[in-house]
Amino acid sequence: MGPSWPWLHDVGYRRTKQSGKTNIKLGSLEVREGYGNGSSALSVKQALNTQDPGRRGHRMPVQPLLLGLKFKRTEPIKYSECLGQYITQHYGEKACRNSVDDLGELDDLRRQLTEDIEVTEHTEELFAQYYGNLCLIERRFPVTQYEGGVNACFVWADAFQPEQVLEMHKIGLEKAATLFNLAAYFSQMGINCDKETANDFSLAGKYFMKAASALHFVRLTVMPSLMRTANAIEPVDMSSICLEMLEGIMVGQAIECVFEKSVKSGAGHRPLAEIAQQLAVMYADTYAVLCEKAMKKHFERPWRYTFKIKGLYYEAAACLHQASHLKEKLGRDDIRSAIKSQIGYVQESANLIEEAMRLCSNVKYNALMKAEIESARKEICETLSDLQTENMSVSMVRVPPIEELEQIQTLSPQALPKIGALEYLEKPLASVRFNSIVPEEITRDWSKYTDMLDRMLRDQTDLIDRSSDDARVRLREMELPERLHCLEKGNAANVPDSIRVELESIEQSGGMENIRCTSQQVLDMNLAVTADLDDCRNMLRQLEARGASTELLQSYHRKIDGYKENLNVASKTDSYTRETIEKNREDFEGLTLAKAAFEAPVLESPMLLVDSTEPAEAVQALRLGLDGLEAIAHQRNSLEDELQKTKRSDDIVESLMAMPSGSRPNDIFQDHLAQYSTIRESIAKNIEKQKDILDAMGHANDVFTKSYDFVDWERKRRAMATRWKGRIEAYKNIIHSLQEGIEFYLTLSDAVGSMKHDLSSKLNNRNERRVSSPAQYQQPAQGDPSHQFSSLLHLGNQAVEEEEYTGVNPLFSRRK
């Protein structure tokens with residue numbers, strides 16, 4: 001079933017009121033509405049009114065929704081029957097009677113965790129106890145559908161499509177489903193927490209991180225083991241991709257709690273912007289996963305919209321806080337940059353909320369969420385309108401698109417919450433059950449052997465890691481394989497790093513095609529501004545013909561002349577830029593990594609022999625050595641996998657149970673450890689072979705270094721780098737000049753367009769008056785002084801009444 005968003009009024013959802021909060025349950029999710037006193041990620045007033053500390057607590061009504069997984073459903077199973085029958089068959093009726101209490105307690109524990117789970121702090125302890133018992137059963141009793149084992153069939157429904165069920169005679173399925181429900185329990189504890197103070201959000205975040213830890217353990221430990229032994233199709237709700245997605249959702253909600261805690265604690269705008277941007281990225285990734293074919297079929301459409309809307313929501317919040325951060329950062333030193341950045345980010349925030357609003361309309365029963373998003377949109381748009389009005393009347397700066405603004409950073413890897421381990425999963429709680437079936441002495445011996453085995457495996461792993469580190473250090477000292485690339489014509493590795501980075505950036509931006517398009521854009525803008533100025537002159541002539549004020553006409557004439565002068569200077573600069581482009585066209589078109597690699601110098605073959613070894617033989621020895629090291633690394637990985645595979649199949653409990661009287665456990669230990677001897681010998685040979693290869697490569701590298709003239713190669717490489725730096729610098733200068741031109745024409749176009757609009761309005765006014773009062777505009781009769789005086793007086797009064805041009809003439813830097 002789908003997620004329980006407030007607008008999904010489907011069959012089976014319910015609302016319960018507790019402490020001013022609303023719980024909504026549906027399908028496999030539970031959502032908690034409300035953050036105590038109205039805290040929210042989107043706070044336009046708080047984010048933008050930084051000079052009014054008294055308003056920092058004002059928050060918008062939109063509430064981010066926290067989602068909690070619902071528990072997987074299962075069919076009852078009686079351990080007292082299936083396990084009791086196995087004990088009777090293999091250990092006798094007396095042993096079964098002695099185990100009745102243990103079996104009954106195990107049945108009761110499973111019932112508490114599957115039929116009616118209480119979401120309280122005590123429940124975590126029950127999960128830990130039950131998981132420890134499952135691990136005990138897995139070690140001591142063979143659960144299988146075949147004769148001679150414990151015939152226990154575990155049936156679990158899919159968490160999101162309950163009509164789909166999975167049946168297995170594997171204790172691993174019970175472990176995986178139990179831990180999935182443990183994650184669901186933690187998530188519901190998280191949404192049930194009060195969220196009034198910063199400490200409340202800290203507690204909720206800890207629960208969400210515990211839920212992520214449980215899912216992480218299922219994904220990496222329990223399910224892989226189950227799938228290897230069961231040879232079955234992986235269920236979608238516990239597949240690797242689904243568990244990783246749910247794990248990411250829980251981590252994201254923990255970060256949401258960190259965000260709200262930071263707001264409560266009065267954190268600065270920059271960390272708030274980074275946290276919100278991190279959430280936007282994480283929920284965008286979740287949306288992408290839900291759009292994959294397998295997941296799209298399994299999850300209903302509201303799932304995708306849920307995280308698409310949340311991603312847009314937090315990206316909008318990031319833009320708002322980034323706007324305030326830049327205002328605080330640049331406000332004192334660079335007012336214009338602060339203003340245009342602020343408006344740009346708020347404009348992007350408005351666009352994002354608009355997109356979220358559009359998505360809300362695509363989800364059925366969306367009245368509640370649509371109203372909340374609409375409230376956010378209204379306040380953001382009002383704030384944006386105020387900022388734009390102030391800019392038009394006072395600042396008059398060009399607002400850049402979001403692509404030209406500083407990119408909002410996400411949290412650093414060190415700042416992201418780390419998924420820790422739950423101790424009772426890594427080391428299951430010890431159980432005293434079935435001691436009469438499997439004696440405690442056997443358990444202690446098994447624990448002792450496990451410690452010995454882990455210590456041996458750790459030693460072997462350390463040997464492999466040290467050997468790999470030694471190989472990396474030796475290769476770095478010999479500068480391999482980089483030095484061998486110096487012999488290859490056209491290898492990009494021969495291009496200096498600084499040049500390679502610049503060329504990759506140029507190729508990514510389009511290279512010569514980028515120059516061509518930008519130059520054409522500059523030319524088109526020049527022609528457009530020229531046409532607008534011509535239109536302004538024509539309208540002035542019409543106004544003059546209709547008797548407009550002389551002072552008004554002269555003011556506009558001066559402005560047009562000033563704009564025309566700036567335009568002429570800019571045109572000369574554009575012409576010079578185009579000439580430079582044509583002059584250097586061949587160099588600009590050749591700014592590619594492939595051409596740089598072709599021009600890069602290569603080491604020339606020497607004529608002399610060194611130590612009776614041909615230089616070509618030394619090169620061949622180095623290449624063979626690198627191939628040998630790669631083969632050894634592959635073999636080493638296979639040996640590590642084989643160690644783990646042998647450990648998984650190493651069941652010493654059965655051997656200890658069958659140990660003859662008088663035998664010592666140490667003898668059994670040595671017999672089982674002997675099966676690792678072959679692998680340990682292979683590891684030792686692998687390490688020794690690596691040492692031999694590195695020694696041979698060291699001798700060959702000495703010959704290689706002495707035979708080839710690296711000094712001359714470095715000199716040629718530096719000369720090549722100098723040439724290419726000059727070409728790259730010329731390219732960057734052209735791009736900078738064109739970008740300056742675009743910015744100039746944008747500013748000039750805005751000013752000319754505003755003047756053109758004013759002239760058009762005045763001309764329309766005069767035309768309307770001419771039509772409505774034609775007598776006022778008739779020419780006075782010749783020789784009638786009184787009529788002439790009356791007409792002059794009327795025209796004078798009309799000129800005074802006309803709206804005068806009061807706009808500020810922008811200052812344009814003359815481009816040279």
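Trp 156 is in contact (heavy atoms within 4.5 Å) with residues from several parts of the chain, leaving aside its neighbours within four places in sequence; among them are Lys 72, Arg 73, Thr 74, Arg 110, Thr 114, Leu 173, Glu 174 and Asn 181. The model described here is predicted: local features need pLDDT of at least 70, side-chain atom pairs count only at pLDDT 80 or more, and totals for chains, interfaces and linings use all residues. Residues are numbered from 1 along each chain as its sequence is written, and side-chain values use heavy atoms, with hydrogens and water left out.

- Trp 156 is found in strand β5, residues 154-157; strands (E, at least two residues) and helices (H or I, at least four) are DSSP runs, numbered from the N terminus.
- With a relative accessible area of 2%, Trp 156 is buried; buried means under 20% relative accessible area, exposed means over 50%, and partly exposed lies in between, for a 1.4 Å probe and protein chains only.
- Pro 76 is 80 residues away from Trp 156 along the chain, and the C-alpha atoms of the two are separated by 9.9 Å.

**The chain as a whole**

- The chain has 27 helices and six strands.
- Of its 816 residues, 46% count as buried.
- The chain exposes about 41,800 Å², of which carbon and sulfur atoms supply 50%; accessible areas come from the Shrake-Rupley method with a 1.4 Å probe, and for residues only the protein chains shown count as cover.
- Among contacts between residues at least 6 apart in sequence, 80% join residues at least 24 apart.

**Nonpolar cores**

- In soluble globular proteins, nonpolar side chains tend to be buried together.
- A nonpolar core is a set of buried Ala, Val, Leu, Ile, Met, Phe, Trp, Tyr and Cys residues joined through side-chain atoms within 4.5 Å.
- The largest such core has 127 residues, and Met 245 and Leu 246 have the most contacts inside it.
- Helix α7 (residues 198-230) gives the largest share of this core, 15 residues.
- A second, separate core has 46 residues, including Leu 553, Ile 560, Ala 597 and Ala 751.
- Not counting residues up to four places away in sequence, Met 245 touches Thr 286, Val 289, Leu 290, Met 295, Phe 299 and Trp 303.

**Packing of helices α5 and α6**

- Helix α5 (residues 121-140) and helix α6 (residues 171-192) pack at an angle of about 170°, and their axes are 10 Å apart.
- Axes are lines fitted to C-alpha atoms, for helices over the stretch in contact, and angles run from 0 to 180 degrees between N-to-C directions.
- The two helices, α5 and α6, are therefore roughly antiparallel to each other; this label applies to angles over 145 degrees, while under 35 counts as roughly parallel, 65 to 115 as roughly perpendicular and the rest as oblique.
- Residues of α5 including Phe 127, Tyr 130, Tyr 131 and Leu 134 meet residues of α6, among them Leu 179, Leu 182, Tyr 185 and Phe 186.

- Val 752 lies in helix α26, residues 710-772, and counts as buried at 0% relative accessibility.
- Val 752 and Leu 533 are 219 residues apart in sequence, yet 6.9 Å apart in space, C-alpha to C-alpha.
- Val 752 touches Val 529, Asp 532, Leu 533, Cys 536 and Tyr 563, not counting residues up to four places away in sequence.
- Leu 463, in helix α15, is partly exposed, with a relative accessible area of 34%.

**The loop between α15 and α16**

- Most residues other than glycine have a negative phi, and most peptide bonds are trans.
- Glu 479 lies in the loop between α15 and α16, and its phi is near 55°, a positive value in a residue other than glycine.
- Glu 479 is partly exposed, with a relative accessible area of 40%.
- Pro 481 lies in this loop, between α15 (440-477) and α16 (482-485).
- A cis peptide bond joins Leu 480 and Pro 481, with omega at about 5°.

**Cysteines**

- The structure holds zero disulfides, a disulfide being a pair of cysteine sulfur atoms within 2.5 Å.
- Cys 96 is buried, with a relative accessible area of 17%, and Cys 242 is buried, with a relative accessible area of 0%.
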